[in-house]
Amino acid sequence: MNETGSVRPGGRTARTRAAVLDATLAELVDRGYEGMSVETVAGRAGVHKTTVYRRWGSKERLVAEALETAAESRIGAPETGYVEGDLRVLARAIQATLSGREGVAAVHALVSGARVSPEVGRIARRFWATRMAHVGPIVECAVERGQLRRGTRTAEVIEHLAAPLYHRLLVRGEPPTEADADLAAAVVLAAARAGVFAAD
C-alpha cells in the first residue's frame, strides 16, 4: 500500500482554514478591525478572496471565527492552594495576554467589532462568559478553604481584578506591567477580605 495515500482527507481544507484564521489575527494586529478586509486577509494567507468569501461570507464572520478559535487557548484557574497566590497568578496571566501582540489585537477587535457587528458582539459576550467560567473556581475554592467569606460574589472579584489591567490598555493605551497585575491582585484581595464583594 502506498503510504502517501494515507494522508487524512480534508487535510488541505484544514490547512487553508488555519492559514486564513492566522492571517486574520495578523491583520488585526497590523491594521485593526476597521483597517482589515477580506481581500487583505486572503492576500496574507496566500489564497484567492473567493475562497474566503465562499467559506465565511463576510469580514464579520471571519473575525468572529478567528477570535472564537483564539479563545480556545483559555486562561485556566491557577491552583496554588492560597487565594493570594491564585489571584496574583491569574492577574499576571491576564497581564501577559494584554501585553502580547495577538492578545492586544483580539481585545481591540472584540471591543471595536462589537460596536458595529452583532455577530462579533455575540462572540464577545461568549468570550467573556467563557473566561469567567474558567477562572471563577479561584474564588469558589477560596471560600471552601475558608480564605474568603461565604457569599463572596465570584464575578465581581474577577471583574475588579481584570478591570484595571484592561483600563490601562484600552483607556491609557499602555500595556499593563507585572507591577500593575500584582497591585490589582492585592487590592482585590483586600477588598474581598473586607467583605466588599460579599452578598448582603
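M36 sits in the loop between α1 and α2 (38-45); helices (H or I, at least four residues) and strands (E, at least two) are DSSP runs numbered from the N terminus. The model is predicted: local features need pLDDT of at least 70, side-chain atom pairs count only at pLDDT 80 or more, and totals for chains, interfaces and linings use all residues. Residues are numbered from 1 along each chain as its sequence is written, and side-chain values use heavy atoms, with hydrogens and water left out.

M36 has a relative accessible area of 3% and is therefore buried (buried, under 20%; exposed, over 50%; partly exposed, in between; 1.4 Å probe, protein chains only). Residues up to four places away in sequence are left aside in its contact list (contact, heavy atoms within 4.5 Å). With these set aside, M36 touches T24, E27, L28, R31, V41, K59 and V63. R153 stands apart from this site. M36 and R153 are separated by 117 residues in sequence, and their C-alpha atoms are 39 Å apart in space.

T24, one of the residues touched by M36, belongs to helix α1, which covers residues 11-35. The relative accessible area of T24 is 0%, so T24 is buried. Beyond four places in sequence, T24 is in contact with M36, V41, L62, V63 and A66.

The structure holds 13 salt bridges (a side-chain nitrogen of Lys or Arg within 4 Å of a carboxyl oxygen of Asp or Glu). One of them joins E65 and R17, with 2.8 Å between the closest N and O atoms. E65 lies in helix α4 (residues 59-70) and R17 in helix α1, so the bridge ties together parts that are 48 residues apart in sequence. R17 is partly exposed, at a relative accessible area of 28%. Salt bridges also link E27, D30, R31 and R44 in a network.

The side chains of E174 and R168 meet in a salt bridge with an N to O distance of 3.0 Å. The bridge between E174 and R172 has an N to O distance of 3.6 Å. The relative accessible area of E174 is 31%, which makes E174 partly exposed. R172 is likewise partly exposed, at 47%. R168, by contrast, is buried, with a relative accessible area of 17%.

L170 is placed in helix α9, which covers residues 154-170. L170 is partly exposed, and its relative accessible area is 34%.

The overall architecture is helical. The chain has ten helices and zero strands. Along the sequence, the pattern reads α-α-α-α-α-α-α-α-α-α. The C-alpha trace spans about 60 × 50 × 30 Å along its principal axes. Of the 200 residues in the chain, 40% are buried. Contacts between residues at least 6 apart in sequence were also examined. Among these, 65% join residues at least 24 apart.
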